[in-house]
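Work through the exercises below with the sequence and the 3D view side by side. Try each task before reading its solution.

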Amino acid sequence: MTERPSPARDASRRSEREQQPLPPARFAYDRQTWKEIAHLLANLPVALLGFTYVAVVLFTGALLTLTVIGFPLLAAGLVGARQLGKLERARARALLNVDVAEPSPLPLRGGKDGFFSQLWLALKDPVGWRTILYDFIRLPWGILTFVIALTSLFVLWPVLPFIARGLANADRAMVRGLLSPSDELERRIAELESDRGVVVDTAAADLRRIERDLHDGAQARLVNLAMGLGLAKEKLLEDPDAAASMVEEAHGEVKLALQELRDLARGIHPAVLTDRGLDAALSAVASRCTVPVKVTVDLVSRPVAAIEGIAYFTVSELLQNVSKHSMAKSASVDVWRSDERLLIQVWDDGRGGASLDGGTGMRGLADRLDAVDGLFVIESPRGGPTTVTAELPWRDRTPGQG
């Protein structure tokens, strides 16, 4: 049986450790120190490569700007400088443990936007110009660090770790200052690129759904209606009773087709939302839910149509999930405005267990809200209840907007 340590014994051991003398000071010739020394020694050849590139390519391009080929050569030099910056970031990650994010690539489209627009985009690239500045100032710094590191290996080796750490910290500062992307701008660009893809995919999926619903629903009924009316026309003279029966069936098909078209139009953008706003539209959605739903909309004014539409379809999808999956006895929908945000909360007392990976359309809702800088939070423990909170940015509707 393992003896359980007592608190008194632990305190005694801590006291003994505290009374032991501190370990003697030693020089930090560890793995990281050698990596920093290797980085400082490699500064000179790398700086020579970068400075030569800047001098030959960019200075030549700058001198030739009076000719036709000057600006394209300068733009190509800036694009190539990005590759030198990529190599330097990789070297800093490997030897200095500096994790610098890669900047977003230039959105060059192979001339699809026009040659001159692509040329101007490359010429004003801030990442390329910062890399040029980095390579330009690195030559004297590379010579200095190479000489100091190499001399210290033979003459000042007892203090070399401290020298290497100080020079490496200066290198880290240069890499972060000149080779790092603009954090906020680059993050925003990456988010917008991702959100644009989500919006495009969502729009394509909606179009496919509308096409499928039209083909399988109203279109099929209208085809049957045309065939039925054609047969009724043929039998109108020889068998009026049968023709009347066929017309009656066609009348029923017309009603069903109209109902399906109304449902499809409601799924695209319901008229009640356009005419009367979220309160009436969400009340209509709640009335079709198989669970009793209490709807509370506390809005003094209406947001823009795009935000209002996303809010409507978010609640509609969530209430469909409540009807199909929750096994709830009651539910509620609350909509209100807080500062510059539109908040939506849908609650039910069902069995819970909802998640973004649950296969109930939650992931699609989260992506749709994220595309407009919204938030989507699910609290749904096993056994319930489930609370889904959605936030959307609030933008006021202009007076002339429907």
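## A hairpin and its turn

In the β2–β3 hairpin, two residues sit between the strands, and one of them, Asp 339, has a positive phi near 55°. Residues are numbered from 1 along each chain as its sequence is written, and side-chain values use heavy atoms, with hydrogens and water left out. This is a predicted model: local features need pLDDT of at least 70, side-chain atom pairs count only at pLDDT 80 or more, and totals for chains, interfaces and linings use all residues.

**Exercise 1.** Trace how β3 pairs with β2 and with β5.

Solution. 
- Start with the terms. Strands (E, at least two residues) and helices (H or I, at least four) are DSSP runs, numbered from the N terminus. Two strands pair if DSSP finds at least two bridges between them.
- Take β2 (residues 331–338) and β3 (residues 341–348). They pair antiparallel over eight bridges. Arg 337 has Leu 342 of β3 as its bridge partner.
- Now move to β5 (residues 386–393). Eight bridges join β5 to β3, again in the antiparallel sense. Arg 341 is bridged to Pro 393 in β5. Asp 348 stands opposite Thr 386, also in β5.

**Exercise 2.** Inspect the backbone at Met 327 and at Pro 385.

Solution. 
- Recall the background. Most residues other than glycine have a negative phi, and most peptide bonds are trans.
- Check Met 327. Its phi is positive, about 55°, although it is not a glycine. Met 327 sits in the loop between α11 (305–326) and β2.
- Check Pro 385, in the loop between β4 and β5. The peptide bond from Gly 384 to Pro 385 is cis, with omega near -5°.

**Exercise 3.** Which residues line the largest cavity?

Solution. 
- Define a cavity: on a 1 Å grid over the protein atoms alone, a set of points where a 1.4 Å probe fits but cannot get out; lining residues have an atom within 4 Å of a point.
- Count. There is one cavity of 30 Å³ or more. The largest cavity has a volume of about 40 Å³.
- List the lining: Asn 43, Val 46, Ala 47, Gly 50, Glu 88, Tyr 134, Asp 135 and Arg 138.
- Assign elements. α2 (31–63) and α5 (126–154) each give at least two lining residues. α2 has the largest share, four residues.

**Exercise 4.** Where does pLDDT stay under 50?

Solution. 
- pLDDT is the predictor's confidence in each residue, from 0 to 100. The chain averages 76, and 74% of the residues score at least 70.
- Residues 1–20 stay under 50, with two contacts beyond four places in sequence.
- Residues 22–27 also stay under 50, with three such contacts.
- Where pLDDT is low, the predicted coordinates should not be read in detail.

How values were computed
1 Å grid on protein atoms, 1.4 Å probe; cavity = no way out; pocket = protein on both sides within 12 Å on 5 of 7 lines; lining within 4 Å. Points joined across faces, edges and corners; volume = space filled by probe spheres on them. Contact = heavy atoms within 4.5 Å.
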